[in-house]
Every structure is written in C-alpha cells, then in structure tokens.
Amino acid sequence: MPTLSIHFEPEILAHLAQAAAGDTVHVTLSLGGDSAPAQVTAVTPKGPLAELMKAGLLAAGTVLTFRQPRANRAGRAVVTPEGQLIVDGHPLPFPSPSKAAGAVTGNLINGWTLWHTPNGQTLDDLREELKIKTAAA
C-alpha cells in the first residue's frame with residue numbers, strides 16, 4: 001500500500017486551532033507528484049457575493065447562519081474564496097445566497113435577507129453598505 005503524506009500550511013493549522021467544537025472545516029485534497037507542494041494562487045471572487053468581498057465587507061471563511069424558529073429550521077454556510085457558499089450537509093458549493101438558502105429550506109427564498117453574518121447583519125445589509133460606500137467615493 002502506498003504512503004499518504006499530507007502537508008498543512010501554517011495558516012491552515014492556525015484556522016483549525018481557532019475552530020470551535022461543532023464547526024465544519026472543509027479541506028480539499030489533490031494528487032501531487034514527488035515535487036514540492038504547488039504554490040497557492042490568489043482567487044478572484046465571482047458571482048453575486050464578489051463585490052461585497054472585493055470591498056472588504058465579506059471575507060472568505062465567514063460563517064453565515066439563519067434561524068427560522070416557527071419552521072424549526074436553521075442553516076449554516078461558509079463563504080468560499082470564489083464567492084460561493086458551502087452549506088453544511090451539502091457536498092457542492094452554491095453560487096448564490098438564495099440557492100444556498102433554498103437548499104436548506106426546500107423553498108424559493110431570498111437568501112440576501114435570510115443569511116446573517118456573525119455580527120447579525122444580513123447580506124442585504126452589506127449590499128446597502130456597499131451602495132453607500134460606492135456613492136461616497
């Protein structure tokens with residue numbers, strides 16, 4: 001049987017150390033040769049969340065949540081560097097907040113007003129903040 005060698009960059013180890021119990025940490029593995037580890041290249045966010053990310057209002061790794069007590073539903077998603085959302089329990093990222101919200105609720109729903117940042121702002125609040133920031137520039 002071949003030997004499996006996994007190398008974690010210090011930034012990954014630091015992220016893992018800060019994760020709380022119950023957090024989901026997504027790790028991607030790829031095949032490599034006998035050469036040195038591949039260099040990580042910067043990713044440019046695309047899609048609906050891209051402008052928020054480029055403006056510094058939303059960062060990759062941000063955990064978004066929502067609660068719907070009456071429907072007994074809750075959701076958790078992590079923003080990817082590409083500007084997509086990885087929703088707990090789903091193997092593939094979603095390209096928009098509404099598609100991610102719909103995957104959790106099973107309904108067509110406005111993800112911009114449903115998902116909340118750790119400080120309680122909705123993604124729609126962040127869009128409004130970006131409009132104000134852009135108008136002032």
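Arg127 and Asp124 form a salt bridge whose closest N and O atoms are 2.9 Å apart. A salt bridge here is a side-chain nitrogen of Lys or Arg within 4 Å of a carboxyl oxygen of Asp or Glu. Both residues lie in helix α5, three residues apart, about one turn of the helix. An α-helix has 3.6 residues a turn, so residues three or four places apart point the same way. Arg127 is partly exposed at 33% relative accessibility. Asp124 is also partly exposed, with a relative accessible area of 22%. Buried means under 20% relative accessible area, exposed over 50%, and partly exposed in between (1.4 Å probe, protein chains only).

The model is predicted: local features need pLDDT of at least 70, side-chain atom pairs count only at pLDDT 80 or more, and totals for chains, interfaces and linings use all residues. Residues are numbered from 1 along each chain as its sequence is written, and side-chain values use heavy atoms, with hydrogens and water left out.

**Overall layout**

The protein has five helices and three strands. Their order from the N terminus is α-α-β-β-β-α-α-α. These elements are DSSP runs numbered from the N terminus: helices are H or I with at least four residues, strands are E with at least two. Of the 137 residues, 27% are buried. Among contacts with a separation of 6 or more, 42% join residues 24 or more positions apart. Contact means heavy atoms within 4.5 Å.

**Salt bridges**

The whole structure holds four salt bridges. Three of them, including the one above, are tabulated here.

| Pair | Closest N and O atoms |
|---|---|
| Arg127 and Asp124 | 2.9 Å |
| Asp88 and Arg76 | 3.1 Å |
| Glu51 and Lys54 | 3.8 Å |

Asp88 forms its salt bridge with Arg76. This pair links distant parts of the chain: Asp88 is in the loop between β3 and α3, Arg76 in strand β2, twelve residues apart. Arg76 is buried, with a relative accessible area of 16%. Asp88 is partly exposed at 29%.

Glu51 and Lys54 both sit in helix α2 (residues 50-54), three residues apart, about one turn of the helix. Glu51 is partly exposed at 47% relative accessibility. Lys54 is exposed, with a relative accessible area of 52%.

**Strand β1 and its partners**

The aromatic count comes to one pair. Phe66 and Trp115 form it edge-to-face, at 5.0 Å centre to centre and 75° between the planes. Phe66 lies in strand β1 and Trp115 in the loop between α4 (111-114) and α5 (123-136), so the pair ties together parts that are 49 residues apart in sequence. The pairing rule takes rings of Phe, Tyr and Trp (its six-membered ring) with centres within 6.5 Å; planes under 30 degrees apart count as stacked, over 60 as edge-to-face and the rest as tilted. Both partners are buried: Phe66 has a relative accessible area of 2%, and Trp115 has 0%.

Gln68 also belongs to strand β1 (residues 63-68). Gln68 is buried, at 17% relative accessible area. Leaving out residues up to four places away in sequence, Gln68 touches Arg73, Thr105, Ile109 and Leu114.

**Helix α3**

Helix α3 spans residues 97-105, and its buried residues are Pro97, Ala100, Ala101, Gly102 and Thr105. Their cover includes β1, β2 (73-79), β3 (85-87), α4 and α5. Just after α3, Gly106 takes a positive phi of about 80°.

**A positive phi outside glycine**

Asn72 has a phi near 55°, a positive value in a residue other than glycine. Asn72 is placed in the loop between β1 and β2. At 72% relative accessibility, Asn72 is exposed.
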